[in-house]
Amino acid sequence: MTTLSHAPASSRPIPNPKKSLITKLNMGTGIVVGVIFCWGTYFAMKAGRDMTDSHNVNKVLLMSMFAWSIGFLIGIGAFIGPFRWLIGKDLTDEEQLYLAVDGQGWKRYFKYCTDHKVVGIQYLVGVMALLGVGGTMAMMIRTNLATPGSHFVTPVVYNSLVGLHGITMIVAMIIVATGPFGNYIMPIMIGAADMAFPRLNALSWWVLFTAVPVLCSAWFLGGIPTGWTAYAPLSDQAGPGMNAFVATIIIFAVSTAVAGMNITTTVVAMRAKGMKWNRVPIFVIGATISVALAIPAFPTFMVAMIQTGLDRTIATGFYDANVGGSGWLYANLFWIMGHPEVYVILIPGVAALMEIAPVFVRKPLFSYNAAIAGFAGIAGLSVLVWAHHMYMAGWMPSLNGPFMVTTEFISVPTGLLFLVLIGTLWRGRPWMKLPMLCVYAFIWNFLIGGITGIYLSDVPADNYLHGSMYVTAHFHYTLMGAALTGAIGGLAYWFPKMTGRMLNERGGYISFWFIQIGFNVLFLGMFIVGAEGQPRRVADYAHLYSHANLISTMGAYSVGIGMIILLWAIVHSWRSGKIAPMNPWGAKTLEWTVPYPVPLVNFDQPPVVTSDPYGYGRSAK
Amino acid sequence: MADHESELLAPTPGARVSTFLKRKDVSQTLLLWVFFTAVFVVLGLWAYPKWMPVVLSKQMQANEDIMIWFTVISAPIAGVVLSIAAKSFLNMHRGDTPPEDGVAIRTNGPVVIVWTATSVLFCIVAIVWGLVALNTESIAAATDAPKSLIVDVTGSQWVWSFYYPQQNIHTHTLNLPVNQPVTFNVMSADVNHSFWPVQLGVKIDANRLVTTVAHADPTATGPLDVKCAELCGLYHAYMETSGAVESPTDFNNWVSSIQATGGVQQ
Ligand code: HEM
Ligand SMILES: [Cu+2]
Ligand SMILES: [Cu+2]
């Protein structure tokens with residue numbers, strides 16, 4: 001599809017702006033400065049304050065957390081450029097090249113590196129770490145629920161586990177595809193030399209990085225007892241650990257806004273010559289729609305959290321009915337973010353699988369336009385449905401009908417996504433590699449997630465199901481069964497381009513079956529106890545539910561084993577896997593036309609695109 | 001694969017359909033469709049009634065009907081998706097080299113239209129069903145209001161308490177007479193809770209300083225579980241109580257026994 005010469009990676013000398021401060025800064029200096037800022041703020045603010053008053057504790061802790069984040073960014077050199085602007089200068093060319101260049105070896109993964117490929121790998125490792133932490137907590141939750149009686153942990157710890165598992169997973173899943181693949185692969189896919197704003201790219205990653213210790217600090221501050229939804233007034237009442245949640249969300253919202261602007265600008269402005277909108281690979285479309293949807297969504301969450309923070313520090317009472325506030329204000333703000341957010345998570349995963357399916361079936365993507373209509377329709381409707389999470393809140397019973405209508409209409413664009421996939425499979429002969437297996441797992445899981453979503457969106461049925469384990473099973477089918485499966489498919493597919501090696505096949509297959517079978521057993525059990533009437537977020541339950549809960553826990557262990565095998569396969573293959581050819585799957589998108597390691601500016605000559613990348617197949621007779 | 005590649009499509013639409021149906025891959029897909037559709041129909045008709053608790057009210061009946069019939073209606077659509085996926089799965093190619101290219105079908109206008117129309121139709125059925133159920137429910141709530149038994153429900157960390165103003169009794173179990181509509185006025189003393197008398201199939205959040213209302217029509221007698229469906233802190237899991245829908249005589253006896261102890265349940 002393109003005219004491109006496969007010249008070897010350019011071997012540039014490493015730029016060495018000797019005297020520049022930039023060469024001295026890295027993650028280590030960031031941590032040092034961050035910690036100094038954090039403790040400095042802590043002790044300075046604590047002095048003279050009455051620390052038996054929880055408002056004061058909240059003030060001190062929140063400010064120390066933000067100080068850590070800002071201190072870290074100063075320490076890693078994020079503000080050197082902006083600071084130079086203030087005095088009418090900028091980074092020198094040498095310095096800019098230093099920040100981007102390949103050839104500093106592994107060290108650049110610990111620096112404020114502006115190369116999108118480095119940022120992509122940083123995100124990949126970060127996502128895996130978050131999923132690992134969240135997954136470990138999931139295993140603890142399921143261990144506690146294996147038998148009635150809450151024998152494994154106390155209810156305090158249990159509630160914290162649920163909240164931390166939830167928010168850790170949500171954060172991980174928001175970046176699971178757009179982080180690694182959106183940064184590493186997407187610019188190459190559209191034929192760009194880098195992202196539109198390389199420094200913002202580094203910023204988005206390192207800002208996100210600073211949120212991780214903040215989130216982890218919740219453990220030592222008494223946990224997050226509110227679930228990931230952090231409903232007020234429970235959050236007003238919650239202990240110091242809640243500050244970690246507030247700070248994490250505010251920091252994370254900055255990161256996603258920066259990343260979202262960067263990705264959208266890149267796709268709009270930096271596509272290769274000839275890549276008209278109808279030739280853009282579907283993954284790029286999906287990732288762009290997803291981050292564009294996040295741009296309005298996350299600030300709402302940020303506002304909600306700023307108000308929680310103010311309620312907790314200076315008793316503003318936004319959510320406190322005693323002084324005229326309302327918890328419904330919080331619930332509305334939260335879900336105005338929350339529902340779009342589930343599609344922010346879902347769409348890139350689906351889009352990755354739509355990229356994969358044509359390659360392995362060796363047929364064109366069925367109805368590219370329907371795919372775009374599906375994504376756009378979902379994104380458009382998703383901002384109009386938030387109160388389906390509040391049918392039983394009592395907030396506005398008269399709006400339940402209208403919200404039910406908008407919600408159920410989402411099944412139309414969602415149906416288009418299924419049509420595109422089965423249309424691509426129709427009469428096909430799929431090459432059954434791991435990425436393709438993920439397409440099948442996705443279809444099954446998302447079908448279950450989608451159908452159960454229709455019951456939940458129906459007000460009378462939700463009367464019964466709301467707040468039950470049924471809901472938990474439903475959203476794991478969509479978030480994990482669909483979106484995470486899509487991301488694993490994407491990883492298996494792009495692994496050769498990101499690491500230069502093939503993912504170990506046997507490890508991949510074994511982990512796939514452990515994960516997918518375990519997953520279905522796990523959440524089938526949760527559907528059953530939910531239908532039987534077990535509420536969600538409970539540390540303990542009646543004997544009636546014990547069989548299905550035990551089965552669920554068995555399924556969870558199978559998922560856990562599968563994930564460990566997958567992790568092993570990834571680490572092992574990354575270090576010593578089979579060297580990958582340039583285009584192992586015979587795909588037609590641009591990323592497969594560049595060698596590994598991908599040269600600094602990706603292409604030696606800017607590519608020219610003359611068709612969409614789905615030109616597979618013999619013509620039908 | 002090769003068998004249907006070479007055949008020419010017959011000239012008339014009727015003949016085209018019948019040649020299409022005679023294709024081996026198509027008939028196999030159809031068989032799979034029958035199988036998957038049947039699985040979902042059975043799941044709806046058998047599994048939900050088995051899993052869901054005993055129906056003690058009109059509302060619970062309406063919920064269970066939705067669970068059963070939405071599963072049944074969605075079965076043929078799920079069947080299409082799964083049969084096509086399964087057929088292609090069974091046709092898989094393994095090995096280290098890609099298979100030869102398939103047929104270049106870029107889109108198919110009529111298929112896209114029929115599929116979209118079907119999902120719109122399905123959607124409308126679900127919406128109309130839901131709206132009718134919702135409407136029936138709110139009309140019933142309005143007309144039943146005068147003859148309703150009133151129960152004021154208060155959620156506090158981590159207990160439910162009930163006050164029956166017409167009988168002037170305070171209780172911690174929820175007993176109700178069968179065949180009399182009941183209105184719950186729900187409030188919280190602290191954080192949000194969600195009042196869930198499970199077998200009645202209704203649910204409403206308890207908020208601080210605001211009263212929310214739920215309405216139910218008990219139609220059968222039996223034990224009742226009351227739970228909290230909104231995370232409300234440490235002992236949320238244990239915020240449960242019991243009760244019963246019982247015959248009017250039993251209910252009256254229960255009320256008088258409480259009135260005998262000063263109007264407060266012991
Ligand atoms: C091994 C895999 C996983 C297992 C065993 C698991 C299990 C659980 C369990 C048992 C709960 C508590 C259920 C409740 O009482 O409501 C839960 C909550 C939750 N999980 Fe997972 N989960 C897994 C993966 C994921 C993934 C990949 C996501 C992705 C977003 C996720 C998101 C959530 C969320 C948002 C909650 C709700 C937390 C809350 O109620 O505040 N989980 N999970
Ligand atoms: Cu939603
Ligand atoms: Cu509760």
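**Note on a predicted two-chain model**

1. In chain A, helix H1 (27-46) and helix H2 (54-76) each supply at least two residues of a nonpolar patch. Helices here are DSSP runs (H or I, at least four residues), strands likewise (E, at least two), numbered from the N terminus. The model is predicted: local features need pLDDT of at least 70 and side-chain atom pairs count only at pLDDT 80 or more, while totals for chains, interfaces and linings use all residues. Residues are numbered from 1 along each chain as its sequence is written, chains are lettered from A in the order in which they are written, and side-chain values use heavy atoms, with hydrogens and water left out.

2. The patch covers about 520 Å² and is made by A:Val32, A:Ile36, A:Phe37, A:Ile70, A:Ile74 and A:Phe79. Its largest share, 3 residues, comes from H1(A). Patch residues have over 30% relative accessible area and no salt bridge; nonpolar side chains (Val, Leu, Ile, Met, Phe, Trp, Tyr) are joined within 5 Å, like charges within 9 Å. Areas come from the Shrake-Rupley method with a 1.4 Å probe, and for residues only the protein chains shown count as cover.

3. A:Ile74 is found in helix H2 of chain A. It counts as partly exposed because its relative accessibility is 38%; buried means under 20%, exposed over 50%, and partly exposed in between.

4. The largest nonpolar core has 242 residues, and those with the most contacts inside it are A:Trp206, A:Phe301, A:Tyr330, A:Met354 and A:Trp494. Helix H13 (residues 327-361) of chain A gives the most to this core, with 22 residues. A core is a set of buried Ala, Val, Leu, Ile, Met, Phe, Trp, Tyr and Cys residues joined through side-chain atoms within 4.5 Å. A second, separate core of 34 residues includes B:Val151, B:Trp160, B:Phe195 and B:Trp254.

5. At the interface, 90 residues of chain A are in contact (heavy atoms within 4.5 Å) with 87 residues of chain B. The two chains bury about 7900 Å² between them, 66% of it on carbon and sulfur atoms; buried area is the accessible area (1.4 Å probe) that two parts lose on being put together, summed over both. In chain A, A:Arg427, A:Tyr464 and A:Arg618 lose the most area to chain B, together 10% of what that side buries.

6. The rule finds 4 salt bridges across the interface of chain A and chain B, a salt bridge being a side-chain nitrogen of Lys or Arg within 4 Å of a carboxyl oxygen of Asp or Glu. B:Asp101 and A:Arg362 meet through their side chains in a salt bridge (3.3 Å, N to O).

Notes: Buried means under 20% relative accessible area, exposed over 50%, partly exposed in between (1.4 Å probe, protein chains only).
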